[in-house]
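Okay everyone, let's take a look at this one together.

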Amino acid sequence: MIELPAQLEHEIAAHGERDYPYECCGLLLGRFNEDDTKTVTETYPISNAREEEAKRNRFLIRPEELMRGERAAKTKNLEVVGFYHSHPDHPAVPSQYDLDHAWPVYSYIVVSVITGKTRELRSWEMESDRSHFRAEEVIVRQSGATLRASVEHS
């Protein structure tokens, strides 16, 4: 399970819409909890470093950007608990490419952006044997209320 404030869910969706028709990407900063859940307290948007013709269906976070994000997290006593990216004109389901480049333990939020508008946000965790992703419950906190989702927008 991953928990994040509604404001961060909106930030991720806005980043996907802003970068459309290209994939956006960024880090999820927060804490790994003792009960194997994750709490996200900040996002760390990153520019997609892929070459222009590949940005529609791939994203790249350069190692130096990842290290900058890790340092930013550390200065706030946080950790990188996952990553997010968009799928322009595709479902919020990780691709085989996503699986091939993922690491266990982290959460992978995928936001579906259809014709420039966010449609759905879902989170995924890789199985420890790296064979596939499993859907992860997303808890969105909204000023006192808790929403459980894969989050769909209309």
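So, I139 sits in strand β8, residues 138–142; helices (H or I, at least four residues) and strands (E, at least two) are DSSP runs, numbered from the N terminus. This is a predicted model, where local features need pLDDT of at least 70, side-chain atom pairs count only at pLDDT 80 or more, and totals for chains, interfaces and linings use all residues. Residues are numbered from 1 along each chain as its sequence is written, and side-chain values use heavy atoms, with hydrogens and water left out.

Is I139 buried or exposed? It's buried, at a relative accessible area of 2%. Buried means under 20% relative accessible area, exposed over 50%, partly exposed in between, using a 1.4 Å probe and protein chains only. The C-alpha atoms of I139 and E3 are separated by 4.5 Å, yet these residues are 136 apart along the chain.

Now for helix α2, residues 63–75. Its buried residues are L66, G69 and A73. The buried ones pack against β2, β3 and β4, where contact means heavy atoms within 4.5 Å.

F83 touches, among others, L27, I61 and L66, not counting residues up to four places away in sequence. And just after α2, N77 takes a positive phi of about 60°. That's me done!

Definitions and conventions. The expected span of a helix is 1.5 Å times one less than its number of residues.
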